[in-house]
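Here is a short note on some backbone features worth checking. Please keep the structure open while you read the points.

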Amino acid sequence: MKRDTRLIHSGQPRRNDDLVNPPIERASTVVAPTTAELYNPTPPRRHYGRGGLSPNMELREAIGELYGADHVSLAQSGLASVILALRTALPENPAGMQALITDSAYGPVRRFCDEELPRYGVTPVYYDPRIGAGVAELLDKPTAVVLLESPGSLTFEVQDIPAIAGAARKAGVATVIDDTWSAGVLMNPLELGVDYAAQALTKYAGGHSDFLMGSVAARGESAARLKDKDVLFGGHVSPDDAYLCLRGLRTLLLRIERSGASGLHIARQLEAHPKIARVLHPGLQSHPDHALFSSQFTGASGCFAFVLDGVNARDSEAMAEACHLFRLGFSWGGYESLILPCDRQIRRTAVAWQAEGALLRLSVGLEDAEDLWADLAQALG
């Protein structure tokens, strides 16, 4: 079956009672008839609520189908999923090693790397997102992990994932990627050689802006390690949120296709507008990484950014506040459209961020594209 069909029919109810959706099971304790069954169930079965009941198990199965993964862990948020992946990827004794972090990494992830990795004795070293195979030169020092995010969620640099993952694998270093932008449907980083694919299910997977959750997918030995660390760290998500996410997955492909098409339409309109210096959308031929993007992604989501020509940050915030359909908000990937002035968030150490004016990010939702463009046009005016 094709991927679209598999996603619809994966994560089906485990009980044979003719339901098309799994029940929401709320329990901490799972009792057993004997002590032997309690400690060594044969065959293996549910033994405690933290391990996941329905629909947590069905959600993991569906995400595993999406990535072709051997194990999927669920986390309390997208940030928590990236942190889980990083902690899992670290060697047992990482003290004295470096962690290579893309300079375009999500801000809260960057803070974790700056403040928490040193507690493990690991030094975060930020690299140019466009380094590609050149990352091999940085791997000549003992390295604990390499973190990717493609495209960067503020400035939208596309990374050469196979080149970076290949160099890391040759050096015996695990790789982690924040794959939220593609939601696992526009690109499969596990197929491109990455060890751990994390994403914020909060965004496109859920699609309705009504819960927080993340996931990590892996294969082979990485999957076995992820499963072990998941148990060790005691992570758990509520069955109610797992149900909402599984419901969102059923329409994910349709929503991301609509959002991506509308986003590209608006990106082209912005590109032709006299007040716009440039549009940071990898699906545009004008984007410096467009060829690389086309070789790795099957399409674009609806999240991208643009630079207001000669406009300072304060005035760009006034423009964002003048929008009516685009609301001010930090997230993206929901049904609603959002706008975010970004200059306050940008942190760079490897490559300085330079722009002709203020940077704003859009998350294009499911509204009519012409209505959305009219809203931006009046705000720009």
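1. Ser209 sits in the loop that runs between β6 (196-200) and β7 (214-218). Helices (H or I, at least four residues) and strands (E, at least two) are DSSP runs, numbered from the N terminus. Phi of Ser209 is near 55°, a positive value, and the residue is not glycine. With a relative accessible area of 45%, Ser209 is partly exposed. The terms work as follows: buried is under 20% relative accessible area, exposed is over 50%, and partly exposed is in between (1.4 Å probe, protein chains only).

2. This is a predicted model, where local features need pLDDT of at least 70, side-chain atom pairs count only at pLDDT 80 or more, and totals for chains, interfaces and linings use all residues. Residues are numbered from 1 along each chain as its sequence is written, and side-chain values use heavy atoms, with hydrogens and water left out.

3. Phe156 also has a positive phi, near 60°, and is a residue other than glycine. Its place is the loop between β4 and α7. Is Phe156 buried or exposed? Phe156 counts as buried, because its relative accessibility is 0%.

4. The loop between β4 (143-149) and α7 (161-170) also holds Pro151. The peptide bond joining Ser150 and Pro151 is cis, with omega about -5°.

5. Where is Pro55 found? Pro55 belongs to the loop between α2 (35-39) and α3 (56-67). The bond from Ser54 to Pro55 is a cis peptide bond, and omega there is near 5°.
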